Amino acid sequence: MVGRTIKKWWPIFVLPTFAAFVIGFLWPFIWGIYLSFCKFTTVQDVTFVGFSNYSKILLDNTFSHSFWLTVVFAFVSSILINVLAFFIALALTKGYKGTNAFRTVFFMPNLIGGIVLGYIWQTLLNGLLSKWGQPLLSLSARNGFIGMLILLMWQQIGYMMIIYIAGLNNVSPDLIEAAQIDGATNRQILFKIKIPMIMPSVTICTFLTLTNGFKMFDQNLSLTGGDPGKQSQLLALNIYDTFYARSGPQWKGIGQAKAVVFFILVVVIALIQLRATSSKEVQQ
Amino acid sequence: MKMKKVTAMSMAVLMAASMIPSVPVMADGGGKVYYLNFKPEADEAWQNLAKAYTEETGTEVTVVTAASGQYETTLQSEMAKSDAPTLFQVNGPVGLKNWKDYCYDLTDAEITKGLTSDAYELKDGDAVDGIAYVIESYGLITNKTLLEKAGYSLDDIKSYDDLKKVADDIQARKDELGVKGAFTSAGMDGSSDWRFKTHLANLPIYYEYKEDGIDDTDAIKGTYLDQYKNLFDLYITDSTCDGAELSAKTADDSRNEFVNGDAVFYQNGSWEYAELSKTYSDDELAMIPIYFGVDDENEGLATGTENYWCVNKNASDEDVQATLDFMNWCVTSEAGTKSMAEDMGFTIPFKTAEAPTNVFVKQDAEYTEAGLTPVSWNFTTMPSEEWKNGVGTALTAYAAGTGSWDDVVSAFVDGWATEKALSE
């Protein structure tokens, strides 16, 4: 009965969303790839130039630095965020008093947009740095990098924590009890039971943090703006700069070509990571 | 079952309806004008002027103002729409590079004939792609009351050496005078750094072009960078704050210091008048040239424009005509010229212009009458935003003590050559 109704009416439920997906994502995506082979000022009025944009990606000497900085940033931030989020989740599933309040507090930063966070943290960190007599964020690539790490961690740990908490709550108490009866220590329970059992959460969280690290744009823009001299410029901001901060229509296509390379990079890394972590997932 | 069907249908209709964008109201017959305005500070005045024009002629005029610093990005996305701006602006020859394929040739337009000088035409070959619609000046805005309190008058400052002497003296006696410094903070935050990486950097370029008799170059020599350093040193030494803090200081910080009487000198332009006149009377304010130590006795205010109107040639013929009529009305009619002079505080380079009330603009005319040569705006030939950012970063690091002046020179000279080559 239900199956027949669904068979008859599915287009009504699927088509609006599908149309939105095509208009809002699929079509711009395909058009964006086409644009990377073109020279243009506005996106409707383009001339095809073939692969020349791709050969000019390295022309302004800023791409490779941003590239490696982004790779380092994505890996460092993923590791830190996941480790910290996991331990906070562990602490908040022990049934201490006020657990719910803490969960809420840790999650809240996630609700604020990246641009706003960037400006707030800029004021905070600059205040601290100037008190310590250290160069401000936009003057020191090292401070800028650490600043971005702190900001991203503060923003994302809460979100990952929620995923880990859900995972930990799903670990069957039977298993833990059985292990305790067999004389397992807390450390053994953690490494032999809890972590293997929450590998699906680990897969999701590393995927999210890695891709977020690679794609980070608004926090970078508002916290350091790439200063000093592009030393703290991540790839997404580099693409934006190529597109907008240079004169001449040829740069739009080059920016677009960088964006396509960036997309392929993120997809490849995300696929490798998914394969690596999901192979460690165990069936209960 | 029936009920469910009805619910499902109505839900689907709702979902589909929410996806249809609101239909724009079309003007019946005749053209319409869509102006993408560059100056946020003049937004309100433009909206009023547009309304007045619609009331008078019936032509629909839409004015949209891009957020500060976002003009180029806004223009790019707006121009891709089917209802693209019919009137937009570029900032000079470098800005025109992106847009010359979109510019209607204004050679025969009525408004072009009204220009006071053909120097205000922005040309690409023989075609007039843009025309300047506002002339602005910048220099050192001075708080006369505080200057007199320190025992000086404007006549005491006639050269770089005078300026340094006075500023150093004020800085040394700042507690006694109740100020925090001679100059407002030279903020290097993105909202303020253009005052130094663009406006102050214009002076060494101006003198070098003048010496070489050119108006653009692929390779700047940096002949006058020492003077540039002297002035910047003065700004950061005789300042309200420590050089290391400048990277985070904003345009508002700097203006507030001037408004609160914490500093005597404030490098900025005639567009600040509207804001400053809320606090100060005309007698308390003056703008003096940025004495550069090269040709001080002849140097006037830096006067020019980076605001050129362009008409979108891809618009329909009626819209182009409506836009041309609107532009002409703005600079010739009584309501238009009055609004531009009084509400926006502009000096417009047209024969029909009203006398402005802006005290800085009046001063510029006085200086020119007294035989001083206005410094032209050559920063419109700077290679790209990238070049400006490079110089800005080097200046910030120099001010904070983490970078050397050599880095500034290298960003200025080497960066120029690199960026010019890249933008070809």
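Predicted model: local features only at pLDDT ≥ 70, side-chain atom pairs only at ≥ 80, totals over all residues.

User: At what angle do the axes of α6 and α9 of chain A cross?

Analyst: Axes are lines fitted to C-alpha atoms, for helices over the stretch in contact, and angles run from 0 to 180 degrees between N-to-C directions. Helix α6 (residues 141-169) and helix α9 (residues 199-215) of chain A come within 9 Å of each other, axis to axis, and cross at roughly 165°. Angles under 35 degrees count as roughly parallel, over 145 as roughly antiparallel, 65 to 115 as roughly perpendicular and the rest as oblique, and α6(A) and α9(A) are therefore roughly antiparallel. A crossing is left-handed if the near helix is turned anticlockwise from the far one by less than a right angle, and right-handed if clockwise; the crossing of α6(A) and α9(A) is right-handed.

User: Which residues of α6(A) and α9(A) meet?

Analyst: On the α6(A) side they include M160(A), I163(A) and Y164(A), and on the α9(A) side they include I204(A), C205(A) and T209(A). For classes, Ala, Val, Leu, Ile, Met, Phe, Trp, Tyr, Cys and Pro count as nonpolar, Asp, Glu, Lys and Arg as charged, and the others, Gly among them, as polar. The contact of α6(A) with α9(A) has 7 nonpolar, 5 polar and no charged residues.

Helix α9(A) also packs with helix α3 (residues 63-91) of chain A, where the axes come within 8 Å and cross at roughly 145°, again with a right-handed crossing. Among the residues that meet there are F73(A) and I81(A) in α3(A), and C205(A) and T209(A) in α9(A). The residues of this contact divide into 7 nonpolar, 7 polar and no charged.

User: Which residues of α15 in chain B are buried?

Analyst: A residue is buried if 20 or more other C-beta atoms lie within 10 Å of its own, exposed if 12 or fewer, and partly exposed in between. An α-helix has 3.6 residues a turn, so residues three or four places apart point the same way. In helix α15 (residues 334-343) of chain B the buried residues are G336(B), T337(B), S339(B) and M340(B). Seen down the axis of α15(B), the directions from the axis to their C-beta atoms fall within an arc of 160°, so these residues line one face of the helix. They pack against α2 (43-57) and α14 (317-332) of chain B, whereas E334(B) and K338(B), on the other side, are exposed. After α15(B) comes G345(B), with a positive phi near 70°.

User: Is F292(B), in a loop, buried or exposed?

Analyst: F292(B), in the loop between β9 (285-288) and β10 (299-304) of chain B, is buried, with 23 other C-beta atoms within 10 Å. Leaving out residues up to four places away in sequence, F292(B) touches Y160(B), L203(B), Y207(B), Q227(B), L231(B) and E299(B). P289(B) lies in that loop between β9 and β10 and counts as buried with 26 C-beta neighbours inside 10 Å.

User: How many residues does each chain give to the contact between them?

Analyst: Chain B gives 32 residues and chain A gives 27 residues. On the chain B side, α1 (2-19), α3 (71-79), α4 (93-99) and α17 (385-400) each supply at least two residues, and α17(B) gives the most, with 8 residues. By class, that side of chain B has 14 nonpolar, 12 polar and 6 charged residues.

Conventions. Residues numbered from 1 in each chain as written. Chains lettered and ligands numbered in written order. Contact = placed C-beta atoms within 7 Å. Helix = DSSP H or I, 4+ residues; strand = E, 2+ residues; numbered from the N terminus.
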